[in-house]
Structures are given as C-alpha cells and as structure tokens.
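Me: I've just opened this one and I'm new to it. Can you walk me through a few spots?

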Amino acid sequence: MTQAEREHESEKDKDKEREKDKEKEQRGVKRPIVPPAVPEPLQEQIQTNFVVVIHPGSQSLRVGRATDTLPVTVPHVIARRHKLPSQSRYEDPRLIREGLNRPESGEQRQNGLKMVDQAIWSKKMSNGARRTPVSAEQARVYNRQIRPAVLDPNSRLKWTNTTHQPEYLVGDEALHVNPTDCYSIHWPICRGQLNVHSGPGGSLSAVLADLETIWSHAIQKLLEIPLKDLKYYRCILLVPDIYNRQHVKEVVNMLLVKMGFSAIVVHQESVCATFGSGLSSACVVDVGDQKTSVCCVEDGVSHRNSRLCLAYGGSDVTRCFFWLMQRAGFPYRECQLTNRLDCMLLQQLKETFCHLDQDICGMQDHEFRNRFPDSPVLLYQLRLGDEKLQAPMALFYPAAFGIVGQKMTTLQHRSQGDPEDPHDEHYLLSTQSKQDQSSKAMERKGLPKPPGFEGESSSQGGDPSERGSHAQEELGHSQADCLVGGTDPEETPSVLLSRKSAMTQFEGKALGLDKAVLHSIDCCASDETKRKMYSSILVVGGGLLFHGAQEFLQHRILNKMPPSFRRLVENVEVITRPKDMDPRLTAWKGGAVLACLDTTQELWIHQREWHRFGARMLRERAAFVW
C-alpha cells in the first residue's frame, strides 16, 4: 500500500469517528436515554354487585348487594323444631325484660310518669295557649263500655304450615308458628349484642348457629345467591359502636370460614350512618328496638370518648304505651305481653297513634282491628288522650320504663386481651409507659432521646387519620380511662377502685335521650368539634319515628345546651330523614357506599389472611381502633 493510500484510509477512519461522535452528541441532546418505566402494582378491581352488605339488628336483619337501591328486611328470628317430643317449648321474650318485676319498679314508673306529665304541662302550645287538662279516668269510663264488632267471622290468616316438619323457619314464617307446634323461638341478637343467656338455645355456639342459618336463608332465598358461590362474594358487616370484641371475632369467623365469603370489611354503624346520609361530621343518635347508641363522628372517625349505649329503645316505648292504655281501660282485655302476636299488634298501635307534637291535646277517638290466624276479625273503638304523647316522652324520662337494678348506660371499655392478638392495647400501653419512663430517665441524665421515644403509641392499622392524630386520645385519654384508669403504673389500688366505682355509678344511671346527646358532645376534645356536632345531630333507626320528633328533640337540646355554646352555634339542626331516606336504612346505605370507596381497598380482610393470622387482622385492618 502506497503512502497516499494509507493517508486516505486514515482520513476515512477519522471521518467515521467524527460521524459517530456527532451521532452520540445528537442522541444525547435530542434523544435522551430514559430509564425503563416501572409498572405500578395493579389494584384489584372490586365489582360492587359481588359485595353483600349485612346490618344485623335486634329486631330486623337488613341485607342486600351493595348495588341494590334498598336492602331486604327480614325479622331477625328463627323457629327451631324440637329434637325430642318431650322437649319443653321455649320462646325468647320480646317486650318482657329483667328489672320490671322488682318491688320498687311500679313506684319508679309512677315517678317517671309524673316527670313526664310535669314536662307536658309546663310547655305551652305553639299558639301560646295552655294545654287542656285530660284525665285518664274520662277515657277509662268510655273504653270499659266498648265491645268489639265482628267484621268477618274468618280472618283468612293461617298459621305457618309445619306438616312437613321443617327443621327451622325464619322471619315471618317463624313469627306465625302456632304456639301448639313443637318449635322454640329464638332472637339471636338482644340490645345490639349476641343474645347469650342461660336458657335453652342461649349458648354462644347455638346463637352463632342461629345467625348463620338466618343469614344463609336470607342470602340464598331472598338475594338468590347460591351458598356455594359465596367464595366469589365479599361482605361488609356493620357492628355496634360499643361492641363485644369476642362476639365480633366469632361472627367474622362464621362469615369467612363457615359461610365462605372471600373477604370482609367490619365497620361501625355510626360511621356508616354518616356515609349513608352524606354528612362528613355528625352526632349520630341511633334509636333501635332495644338499645339506643349515641356517638360523635368526624371525618369518618368515631370518637371513642363520645360513645354511649343506652339499654332502652322502641320496644320499651311499646311496653310503656301498653301500660298507659291499660290505665285508660284498653278494650282488648285479653292482650298479653307474653303473646307474640299481641306484641306485634302493640308495636303497630304505637307506630300508628303515638307522637311528640305538643300541639295535639284533648281526647281523640281511634279504632283498630284485631286480625289473628283462625280467629274472627274484630274492630275495637278506643279513646285516648295524653297517653299517645306520654309513651314516647319516656325516652327522655327513662324512669317511666320502671326498669330497676339493671345496667342502663354502657361506655367503651378497654379490651380484656386476646391470646390470638399479643400486640393488643395492653401491650401498646405498657410499651408506651416504658418509653415514657425511659424518656424521663434520659432527660434527668441529660441524654438525648433516641428515635421512637416520643411517647407516641404504635400505629394500629385502620384509617390513617384515626391512627395518627387520634391514637393517643383513643388509647390513653378517653373518659372511660379517666374513670377506670390503667394508664399510670404508679396509681394505687384505692385510686383505681374509686375510679371503677365512679364508672359503675355512671353506668347505673338511665340517661334521657337529650342528656345522652349533650353528654356525648361534651366529651369531644375541642370546642370546634363540639360546635360541628351541635350543628348536625343525625337521628337514625326506627325507634324515634314519631310525628314531631325532630322539633321536640331540637327544642330540648337548645334548652339544655351549655350557655357558652348558644353564642357559638348558629343553629342546632336535628336531621331525622336525610335525603328523604327511611332512617332505618341509613346505616345499611352507608355500608353500600363504603363498598364503592377507593380507601376501602385497604380494609379488606381476606379468608386466607384470617386463616393465618386470626383476630390480629381485625386490629390491622379495622377502620377503627380495635
């Protein structure tokens, strides 16, 4: 190769290198190299038509798909056939309860009714006139002369057909079982808790079996979901604000393991009520058939300090109304509180006649029909005065219920501990107190605090807003703790005993509905939160569905609220029918709304997780401090 050819080749190589450098430069400027995209983890899309919302109550079960407009409502009762012919018949009482037959019950009832009468006569009507005095004696003279008229010799109603001897009957079929048939009647929930008692069918396993049977029947027959397909469905379970941890754990186990749901979310009734009504914050007053719960909810968090459960409800008003009608010479003289069908009739009369409108006064004539299976249809005339107002007013003067020697008010108690959940409330409190003591010792020695020794309790799963700002309030400084104690290891046994006795005294009192609302709001931490609660009092449940209830409760709250808040609160608003919805369905509707929220993704407890970790998953995933 000649010299000229070598120089030409060298020039070509240099040109190629220059072109490569130019290409690199262009690529670096115009086509920057980006790192490969990391795909985000895909969240499982949940079809809400495969989510079943269950709201169990003392009297009714409400169940439906999250996509349903309204739930199916079933009487929460089961009739079980006797296994042996010699077995005695048993029926859980509905309107009879413990504490009514004490020697002092009658006197307490009379004193309570005197307070009711005094409250009625002390208030003028809206036109400024005084109420016309009405004597029960006037009504009694008229009613004792009444004899029923026969409208039809045959009611055309039949007892439930049991000739094929079914093992169990549920709902309306159970209510209309002939008393002479070999069936026992059980209501598995009483005053918001599992109806565990010492009588037949009262063991925890028997009550859970009744629940499983009733719920399975409702899902299979009314929602038309085959039980074998529940592995494709998820469940949202509504529980009371003040719940029994052991009972909730057993019910969750029943739903996931025995019934076979693939996943579950457990949430509180009060929070779901705010979801269903579209409110961000409210003081929720849930008046049920056998219990009344009051709780302040703010931004989806139930304030533990504010929770109260009162051991009376709509059934107590029904019983009180029966006593008042008897005093006024109730013409259906065969009526008995121990008769199942009579109890249903009395509840219907209460819902039809009772009110809380103080502008209605004087005597009014009414009529009602007595329609029982295999009996004639009877028409009764009935004259009543203030009895229709006195009975629902007993919710504000519960002494009129005549219940003696029973625990009437329940606060949120600390957990007693669970062997399945070693890192429970007690563990967190003990580690917190140890951290506090170590922190104080280091401060005395002048040493800096290591990270984590700030006196904060560990996060406990559930809603982040509750875990963070409310964690210390929820664990250590609730009003129940102020009474019961347990957070300060230096407290003497005498101090703990005095606090426990104070708690017992408080729980022995029967607070009226208005006083319970005021007490619950007063337990909120800040004045701003209290102002919010006074401005939004949400009434749900079926126990206060009386004409005039909204204005009546609003007037009593305004009259009794602290004077300092009357200047701060522009308007005390009592909401009884949010969005024109039946207040009995508000909490269930909130459960359906919960199924559609993105944040619910973090709350699901899956069946495989429950098998592996058990009750610990409730602490990790519950949207409230477990």
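Me: Let's begin with D421. Buried or exposed?

Reply: D421 counts as buried, because its relative accessibility is 4% and the cut-off for buried is under 20%. Keep in mind that this is a predicted model.

Me: Where does D421 sit in the chain?

Reply: D421 is in a loop, the one between β18 (409–410) and α11 (425–445).

Me: And what does D421 touch, not counting residues up to four places away in sequence?

Reply: R616, R619 and W626 are the residues that D421 touches on that count. There's also G614, which is 193 residues from D421 in sequence, with 8.2 Å between their C-alpha atoms.

Me: OK, zooming out. How many helices and strands does the protein chain have?

Reply: There are 22 helices and 21 strands in the protein chain.

Me: What share of the protein chain is buried?

Reply: Of its 626 residues, 50% are buried.

Me: What about contacts between residues at least 6 apart in sequence: how many of those join residues at least 24 apart?

Reply: 72% of them do, across the protein chain.

Me: Where's K589, and what is it in contact with, leaving aside neighbours within four places in sequence?

Reply: K589 is part of helix α20, which covers residues 586–596. Its contacts, with those neighbours left aside, are D68, T69, G276 and M581.

Me: How accessible is K589?

Reply: The relative accessible area of K589 is 24%, so it counts as partly exposed.

Me: Switching to helices. Which helix does α16 pack with, and at what angle?

Reply: α16 (residues 513–522) packs with α17 (residues 527–534) at about 150°, and the axes are 9 Å apart.

Me: Parallel or antiparallel, then?

Reply: Roughly antiparallel, because an angle over 145 degrees counts that way.

Me: Which residues make the contact?

Reply: From α16 you have L518, I521 and D522, and from α17 there are K530, M533 and Y534. Sorted by class, that contact has 4 nonpolar residues, 2 charged ones and no polar ones.

Me: How many residues of α16 are buried?

Reply: 8 of its 10 residues are buried, so α16 is largely enclosed by the rest of the structure. The buried ones are L513, D514, A516, V517, L518, H519, S520 and I521.

Me: New topic: holes. How many cavities of 30 Å³ or more does the structure hold?

Reply: The structure holds 5 of them. The largest cavity has a volume of about 40 Å³.

Me: What lines the largest cavity?

Reply: Its lining consists of R191, G192, Q193, P240, D241, I242, K291, S293, L308 and C309. That makes 4 nonpolar, 3 polar and 3 charged residues.

Me: Now the loop between β5 and β6. Is R156 there buried or exposed?

Reply: R156 is exposed, since its relative accessible area is 60%. In sequence R156 is 220 residues from P376, and in space the two are 8.6 Å apart, C-alpha to C-alpha.

Me: And T162? Buried or exposed?

Reply: T162 is buried, because its relative accessible area is 14%. T162 is also in the loop between β5 (149–152) and β6 (168–170).

Me: What does T162 touch, not counting residues up to four places away in sequence?

Reply: L169, D181 and Y183 are what T162 touches on that basis.

Me: Last one: what's the phi of D299?

Reply: Phi of D299 is near 50°, which is a positive value in a residue other than glycine. You'll find D299 in the loop between β13 (292–298) and β14 (301–302).

Me: And what about K579?

Reply: K579 has a positive phi too, about 55°, although it is not a glycine. K579 is in the loop between β20 (574–575) and α20, and K579 is exposed, given a relative accessible area of 63%.

Technical notes: Residues are numbered from 1 along each chain as its sequence is written. This is a predicted model: local features need pLDDT of at least 70, side-chain atom pairs count only at pLDDT 80 or more; totals for chains, interfaces and linings use all residues. Side-chain values use heavy atoms; hydrogens and water are left out. Axes are lines fitted to C-alpha atoms, for helices over the stretch in contact, and angles run from 0 to 180 degrees between N-to-C directions. Helices (H or I, at least four residues) and strands (E, at least two) are DSSP runs, numbered from the N terminus. Angles under 35 degrees count as roughly parallel, over 145 as roughly antiparallel, 65 to 115 as roughly perpendicular and the rest as oblique. Contact means heavy atoms within 4.5 Å. Ala, Val, Leu, Ile, Met, Phe, Trp, Tyr, Cys and Pro count as nonpolar, Asp, Glu, Lys and Arg as charged, and the others, Gly among them, as polar. On a 1 Å grid over the protein atoms alone, a cavity is a set of points where a 1.4 Å probe fits but cannot get out, and a pocket is an open set with protein on both sides within 12 Å along at least five of seven lines; lining residues have an atom within 4 Å of a point. Grid points are joined across faces, edges and corners, and a volume is the space filled by probe spheres set on the points. Buried means under 20% relative accessible area, exposed over 50%, partly exposed in between (1.4 Å probe, protein chains only).
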